[in-house]
Amino acid sequence: MTDEHEILAGSIVLDNTDASEILISNTDIEAIPTEELTTASHTKPVRWQSGKLPYQLEVQAAAEVTQLEPALIHAVIATESGYNPRAVSRKGAFGLMQVMPATAKTMTTVPVRQWSVPQQILWGSRYLKRMVDMFEGDVTLALAAYNAGPAAVKAHQHSIPPFTETRQYVPRVLGYYQSFKARSPQVNH
């Protein structure tokens, strides 16, 4: 990779060669069953004009409800699912923000797999906001808790747990967050 490309989440790549476009490429689709792939498979890079990220209106609505920055919500979506609303993890997390079914039950009786795109974003954002509030605005710890669970963060003296996945996850989300904030002022409050 050259300086113009930044690996943010495994095989998701942010291409910084053109200031007018955001290029996100997610070529790792092993965690998504083939029959669940959307027609816009993430095997090829997808380009979005700056400020026109997918689900912009839904993210903005969730940001207004939760008082989270849209760039942070976008960063979690990009890291968790590469913008694939039908993504399924090996552990059973589902959708754009990879919410676990047990977590979904704390928010609604509707099963997570039946959530619409706006519901995926709203309820995933509400859970993220719970983590931000629980860790008194510390986004790093909130992201660690979003990934590993709040009990794991608390058990490790309010620090990022020593789990490889979580230690890789947090900087990836923060990388997206900073990139989206810097490149797309329209996605911020």
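I will start with a pair of helices, H2 and H5, which cross in a right-handed sense. Keep in mind throughout that this is a predicted model. The angle between H2 and H5 is about 35 degrees, and their axes are 13 Å apart. On the H2 side the residues involved are Leu72, Val76 and Glu80, and they meet Val139, Leu143 and Tyr146 of H5.

Some context for the chain as a whole. There are 7 helices and 4 strands. In sequence order the pattern is β-β-β-β-α-α-α-α-α-α-α. Of the 189 residues, 49% are buried. If we take the contacts with a separation of 6 or more, 51% of them are between residues 24 or more positions apart.

Back to H2, residues 70–81, and its other partner here, H7. The two axes come within 8 Å and cross at roughly 130 degrees. That angle makes H2 oblique to H7, because the oblique class takes in what lies between 115 and 145 degrees. This crossing, too, is right-handed. From H2 the contacts involve Ala71, Leu72, His74, Ala75, Val76, Ala78, Thr79 and Glu80. Across from them in H7 are Tyr169, Arg172, Val173, Tyr176, Tyr177, Phe180 and Lys181.

Does the length of H7 agree or disagree with what its residue count should span? H7 has 20 residues, and at 1.5 Å a residue they should span 28 Å; the end C-alpha atoms are 29 Å apart, so the two agree. The buried residues of H7 are Thr166, Tyr169, Val170, Val173, Gly175, Tyr176, Tyr177, Ser179, Phe180 and Arg183.

Next, the aromatic rings. The model has 3 aromatic pairs. In one of them, Tyr127 with Tyr146, the ring centres are 5.6 Å apart and the planes are at 50 degrees, so this pair is tilted. The pair links distant parts of the chain, with Tyr127 in helix H4 and Tyr146 in helix H5, residues 139–148, at 19 residues apart. Tyr127 has a relative accessible area of 11%, which is under the 20% limit, so Tyr127 is buried. Tyr146 is buried as well, with 8%.

Another pair is Tyr176 with Phe180, where the ring centres are 5.3 Å apart and the planes are at 15 degrees, so this pair is stacked. Both residues belong to helix H7, residues 164–183, and they are 4 residues apart, about one turn of the helix. Tyr176 is buried, at a relative accessible area of 0%, and Phe180 is also buried, at 0%. Tyr176 and Phe180 are also among the H7 residues that meet H2.

Is Met131 buried or exposed? Its relative accessible area is 1%, so Met131 is buried. Which residues is Met131 in contact with, leaving aside neighbours within four places in sequence? They are Ala142, Ala145, Tyr146 and Pro150. For Pro150, 19 residues apart from Met131 along the chain, the separation between C-alpha atoms is 7.3 Å.

Technical notes
Residues are numbered from 1 along each chain as its sequence is written. This is a predicted model: local features need pLDDT of at least 70, side-chain atom pairs count only at pLDDT 80 or more; totals for chains, interfaces and linings use all residues. Side-chain values use heavy atoms; hydrogens and water are left out. Buried means under 20% relative accessible area, exposed over 50%, partly exposed in between (1.4 Å probe, protein chains only). Contact means heavy atoms within 4.5 Å. Rings of Phe, Tyr and Trp (its six-membered ring) pair if their centres lie within 6.5 Å; planes under 30 degrees apart count as stacked, over 60 as edge-to-face and the rest as tilted. Helices (H or I, at least four residues) and strands (E, at least two) are DSSP runs, numbered from the N terminus. The expected span of a helix is 1.5 Å times one less than its number of residues. Axes are lines fitted to C-alpha atoms, for helices over the stretch in contact, and angles run from 0 to 180 degrees between N-to-C directions. Angles under 35 degrees count as roughly parallel, over 145 as roughly antiparallel, 65 to 115 as roughly perpendicular and the rest as oblique. A crossing is left-handed if the near helix is turned anticlockwise from the far one by less than a right angle, and right-handed if clockwise.
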